[in-house]
Amino acid sequence: MAEPMNVHVIDHPLIQHKLTIMRMKETGTKDFRELLEEISMLMAYEITRDFPLKEVEIETPICRCKEKMLAGKKVGVVPILRAGLGMLNGVVNMIPAARVGHVGMYRDPKTLKPVEYYCKLPGDVAERTLIVVDPMLATGGSSSAALSLLKEKGAKHIILMCLVAAPEGVRVINHDHPDVPLYVAAIDEKLNDKGYIVPGLGDAGDRIFGTL
Ligand code: URA
């Protein structure tokens, strides 16, 4: 598939290796959870590559010198419930000062439209770069609705970070939110008729929480 405009595939060998283990059906909950956290750390490292730095004067045991530190960019991490929780710790490990918001969406069985059931965000959401995390970007419907909700609440800078995407989901996010850079570890082949990503890794929430 030709890569659409605003999607970045982070295909570092460590990420690809760990993702392959996550895909294996025999990988249990403990390993699945740990691997997702590790990949989230590695992805956060890549996503923050262009964060601004400032020069500070410090003193080492040897001498005074000017060195670089983060320029105090404000970050919020927003897992989409429930599977997004599996990516939260990895990102927060890398950005310990980040605030955390939560968004819960479910799909109405009648209309099939995503409905918000929970939203709690940091008060200064407009001043923060929000990293929205959701491991599986399938149809893109609930992620797109979550991004719209965050914008309604005032968010101005949003990054969407997913583990595995279907081409359909990438197209929906790029179409509905061309201003939101999308970072993924892999774009898989397709969605099946039950809405699962193929080859995918199954139901991420069930595998993270052991509710299979
Ligand atoms: N959600 C999942 O957890 N897995 C899929 O394959 C699609 C949506």
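The model is predicted.

Two packed helices are described by the angle between their axes and the distance between the axes. Begin with helix H2, residues 29-47, and helix H3, residues 85-94. The axes of H2 and H3 come within 7 Å and cross at roughly 45°. That angle makes H2 oblique to H3, and the crossing of the two is right-handed. On the H2 side, the contact is made by Leu36, Glu37, Ser40, Met41 and Ala44. On the H3 side, Gly86, Met87, Asn89, Gly90, Val91, Asn93 and Met94 take part. Sorted by class, the residues of this contact are six nonpolar, five polar and one charged.

An α-helix has 3.6 residues a turn, so residues three or four places apart point the same way.

Which residues of H3 are buried? They are Gly86, Met87, Leu88, Gly90 and Val91. The partners of these buried residues include H2, and they also pack against helix H6 (204-209). Strands are involved too: the buried residues of H3 pack against S4 (75-81), S5 (99-100), S8 (129-133) and S10 (157-161).

Glu37 is found in helix H2 and counts as partly exposed, because its relative accessibility is 28%. Leaving out residues up to four places away in sequence, Glu37 touches Gly86, Asn89, Gly90 and Asn93. Glu37 and Leu85 are 48 residues apart along the chain, yet their C-alpha atoms are separated by 9.7 Å.

Strand S5 holds Arg99. With a relative accessible area of 47%, Arg99 is partly exposed. Neighbours within four places in sequence aside, Arg99 is in contact with Val75, Gly76, Val77, Pro122 and Arg128. From Arg99 to Val125 the separation is 26 residues in sequence and 9.5 Å in space, C-alpha to C-alpha.

The crossing of H4 and H5 is right-handed. In H4, the residues Ser143, Ser144 and Leu147 meet Val172, Ile173 and Asp176 in H5. The residues of this contact divide into three nonpolar, two polar and one charged.

The cysteines come last. A disulfide is a covalent bond between the sulfur atoms of two cysteines. How many disulfides does a search of the whole structure find? The search finds zero. For comparison, a disulfide is a pair of cysteine sulfur atoms within 2.5 Å. Cys162 is likewise in no disulfide, and the nearest cysteine sulfur to its own is that of Cys119. As for accessibility, Cys119 counts as partly exposed because its relative accessibility is 22%. Cys162 is buried, with a relative accessible area of 0%.

How values were computed:
Residues are numbered from 1 along each chain as its sequence is written. This is a predicted model: local features need pLDDT of at least 70, side-chain atom pairs count only at pLDDT 80 or more; totals for chains, interfaces and linings use all residues. Side-chain values use heavy atoms; hydrogens and water are left out. A crossing is left-handed if the near helix is turned anticlockwise from the far one by less than a right angle, and right-handed if clockwise. Helices (H or I, at least four residues) and strands (E, at least two) are DSSP runs, numbered from the N terminus. Contact means heavy atoms within 4.5 Å. Ala, Val, Leu, Ile, Met, Phe, Trp, Tyr, Cys and Pro count as nonpolar, Asp, Glu, Lys and Arg as charged, and the others, Gly among them, as polar. Buried means under 20% relative accessible area, exposed over 50%, partly exposed in between (1.4 Å probe, protein chains only). Axes are lines fitted to C-alpha atoms, for helices over the stretch in contact, and angles run from 0 to 180 degrees between N-to-C directions. Angles under 35 degrees count as roughly parallel, over 145 as roughly antiparallel, 65 to 115 as roughly perpendicular and the rest as oblique.
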